[in-house]
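I opened my notebook today to look around one chain, a step at a time. Here is what I looked up, in the order I went.

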Amino acid sequence: MESPAAQTERRRTPGSADTWPAVLLLPAVLLLRYLGEHAWAYWTAAVIGVLGLIGAAVEITGAVGHLVNGRRPWIAAWVLFVLASAVLVLVLRLAEQW
C-alpha cells in the first residue's frame, strides 16, 4: 500500500490521461466537419466543444505547470501539443461555419 504522499506525487505527474478533453473536442470537430451545414449540428458541436474547451484550459494549465517544474517534460509537451491542436481546429471550424 502506498503512502498518501506517494499517491499525491503520482497524481501530480503528467500522463497521457491528461488529454481527456480530446474526448469532447473530437466529436465536436467531426460534427462540424460532416454535418456543419445543419443548425442543430452546429449548436450541438458548440455546446460539446465549450465543455471540451473548459477541460482543455484546465489541463493545459496543469501541463504548463508540469513543464515549468520539469516533471516528465516530454509528456507535458505532448499534452500541450494535442490539446492546443484540438482547440485550434475546433475554434477555426466554429468560426468558419459562423
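Predicted model: local features only at pLDDT ≥ 70, side-chain atom pairs only at ≥ 80, totals over all residues.

I began with Thr19, which I found in the loop between helix H1 (4-12) and H2. Helices here are DSSP runs of H or I with at least four residues, strands are runs of E with at least two, and both are numbered from the N terminus. Residues are numbered from 1 along each chain as its sequence is written, and side-chain values use heavy atoms, with hydrogens and water left out.

Is Thr19 buried or exposed? I read a relative accessible area of 17%, so Thr19 is buried. (Buried means under 20% relative accessible area, exposed over 50%, and partly exposed in between, with a 1.4 Å probe and protein chains only.) Next I asked which residues Thr19 is in contact with, leaving aside its neighbours within four places in sequence. I found Val79, Val82 and Leu83. Contact means heavy atoms within 4.5 Å.

Then I went to Ser85, which sits in helix H4 (residues 73-97). Ser85 has a relative accessible area of 28%, so I noted it as partly exposed. I also looked up Ser85 and Ala22: they are 63 residues apart in sequence, and their C-alpha atoms are 9.8 Å apart in space.

My next stop was a helix pair. Helix H2 (residues 22-35) and helix H3 (residues 39-69) pack at about 155 degrees, with their axes 8 Å apart. (Axes are lines fitted to C-alpha atoms, for helices over the stretch in contact, and angles run from 0 to 180 degrees between N-to-C directions.) H2 and H3 are therefore roughly antiparallel to each other, a label for angles over 145 degrees.

Which residues meet there? On the H2 side I listed Leu24, Leu25, Ala28, Leu31, Leu32 and Leu35; across from them in H3 are several residues, including Trp40, Tyr42, Ile48 and Ala56. By class, the contact of H2 with H3 has 14 nonpolar, 3 polar and no charged residues. (Ala, Val, Leu, Ile, Met, Phe, Trp, Tyr, Cys and Pro count as nonpolar, Asp, Glu, Lys and Arg as charged, and the others, Gly among them, as polar.)

Last, I stepped back to the whole chain. I noted 4 helices and 0 strands, running α-α-α-α from the N terminus on. Buried residues make up 31% of the 98 residues.

Notes: Parallel < 35°, antiparallel > 145°, perpendicular 65-115°, else oblique.
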